[in-house]
Amino acid sequence: MIIKPKVRGFVCVTAHPAGCAAHVQQQIDLVKTKGPISPGPKKVLVIGASTGFGLSSRISATFGSGAATLGIFFERPSEEGRPATPGWYNTIAFTQAARAAGHYAANINGDAFSDDVKKQALEIIARDLGQVDLVVYSLASPRRTHPKTGAVHKSTLQPIGAPYTNKTVDTDKGIVNEITIPPADAAGIADTLAVMGGEDWEMWMQALLDAKLLAPGAIAISYTYIGPCHTWPIYRDGTIGGAKLDLERACRAIDAKLKAHGNGRALISVNKALVTQASSAIPVVPLYISILYKVMKAKGTHEGCIEQIQRLFATQLFNGKTAQLDPQGRIRIDDWEMRPEIQDEVAAIWPKVTTENLVELTDITGYRTEFLKMFGFGLPGIDYDAEIEPHLPML
Ligand code: NAD
């Protein structure tokens with residue numbers, strides 16, 4: 001099969017296996033270049049391990065400190081005439097590289113919200129790892145079937161209380177226009193909290209504790225976003241922000257349990273806005289990211305997922321370092337994004353951006369490059385005109 005990008009709105013419906021492998025290898029190389037993280041995590045469960053921040057966490061743990069990892073994700077395999085999703089190919093490439101380097105790597109492709117996947121994970125940890133010393137919870141999902149009630153909750157990306165109007169960009173067509181998003185109703189707010197809030201993270205941690213599969217002193221970490229005031233109505237103060245507040249509540253509850261378990265910790269890291277499959281679906285945010293990339297690249301402070309997580313592990317969580325927390329108790333690895341000189345420039349550019357000057361005033365070009373890279377396109381050394389086998393079995 002010859003696989004080319006097919007972009008439909010904010011998704012690309014194809015993915016290139018060799019390109020995804022090259023993208024994973026770039027991340028592995030970066031972690032190796034930065035040097036060992038010591039002491040670092042040794043036995044790691046990553047929930048949401050196949051793309052974005054979760055994949056970068058898995059790579060940082062394995063290639064930074066030689067960790068054995070169990071990765072959980074929900075990806076679609078290839079079908080007749082259709083390649084698999086990028087997370088499928090990423091995981092195969094990661095697993096091959098980890099095992100070739102002598103590191104244990106096991107995978108579960110299934111619904112992390114379900115009791116069944118939790119049970120499978122507990123069995124694998126008990127059988128192969130004994131206990132885990134780090135749990136990364138990095139799910140981004142549009143829906144959750146609740147394991148106890150069977151209700152299907154769908155998350156929304158909406159403001160709360162009032163409609164929100166702002167500029168947005170169609171990243172595919174390069175058109176800047178205004179968008180008005182109606183406020184969520186009470187059900188939408190509750191559903192988003194059920195999907196992206198902290199209940200499932202608590203369920204995972206309780207199941208691990210009950211089964212005695214958490215090493216004393218273990219760390220649990222999850223990721224959130226805050227960002228600047230341009231995006232607050234749709235993010236921080238919107239339905240997703242409400243869910244993220246619940247994630248912080250869950251973090252405190254888990255932290256209390258882990259403290260009593262050999263002085264472990266639960267933490268939330270506020271990460272930088274980055275092009276991922278999750279963020280490209282949020283209105284307004286891709287325009288913000290395009291401007292942010294322009295400003296941060298000019299200042300030499302731009303980072304991708306792997307640079308963010310490598311820095312998080314090396315300077316906050318491990319390597320003999322102590323996490324520096326903000327007044328709300330969160331790690332701020334979004335510190336470079338939120339520097340006043342960066343945000344002042346973003347705020348100055350924001351009102352000026354139009355369809356006509358989009359390429360000049362923003363890094364929409366870099367946004368598109370990063371977007372396609374997530375699907376394995378535009379990587380150096382890959383012949384995209386060559387036939388490639390799309391049907392790869394999960395390892
Ligand atoms: P992503 O879409 O790249 O990754 C999501 C992961 O979750 C994938 O591995 C996917 O397979 C997995 N997943 C989704 N539903 C699942 C299910 N039901 N069962 C098992 N696995 C499932 O997302 P991301 O942007 O890396 O987001 C990860 C976390 O980081 C989220 O909590 C997000 O809010 C947070 N975050 C993202 C940004 C950003 O700009 N992208 C910034 C700060 C924080």
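This is a predicted model: local features need pLDDT of at least 70, side-chain atom pairs count only at pLDDT 80 or more; totals for chains, interfaces and linings use all residues.
Helix α4 covers residues 115-129. At 1.5 Å a residue, its 15 residues should span 21 Å. The C-alpha atoms at its ends are 20 Å apart, which agrees with that expectation. Seven positions are named here as buried in α4: V117, K118, A121, L122, I124, I125 and L129. Viewed down the helix axis, the buried residues fall within an arc of 165°, so they line one face of α4. K119 and R127 lie on the other side of the helix and are exposed.

The buried residues of α4 pack against both strands and a helix. The strands are β3 (43-47), β4 (68-73), β5 (105-109) and β6 (132-137). The helix is α6 (199-210). After α4 comes G130. The phi of G130 is positive, near 80°.

The ligand is surrounded by 30 residues. The closest are S50, E75, A112, K244 and T276. For S50, an N or O atom of the side chain is 2.6 Å from a ligand oxygen atom. In G48, a backbone N or O atom lies 3.5 Å from an oxygen atom of the ligand. In Y223, a polar backbone atom is 3.4 Å from a ligand oxygen atom. Taken alone, the ligand exposes 850 Å², and the protein buries 93% of that. Two elements give two or more residues to the shell around the ligand: α2 (52-65) and β11 (214-224).

Notes. Residues are numbered from 1 along each chain as its sequence is written. Side-chain values use heavy atoms; hydrogens and water are left out. Helices (H or I, at least four residues) and strands (E, at least two) are DSSP runs, numbered from the N terminus. The expected span of a helix is 1.5 Å times one less than its number of residues. Buried means under 20% relative accessible area, exposed over 50%, partly exposed in between (1.4 Å probe, protein chains only). The arc is that of the directions from the helix axis to the C-beta atoms. Contact means heavy atoms within 4.5 Å. A residue is near a molecule or strand if one of its heavy atoms lies within 4 Å of it. A polar contact is a pair of N or O atoms within 3.5 Å; within protein, one must be able to donate a hydrogen and the other to accept it, and residues adjacent in sequence count only if both atoms are side-chain atoms. Accessible areas come from the Shrake-Rupley method with a 1.4 Å probe; for residues, only the protein chains shown count as cover.
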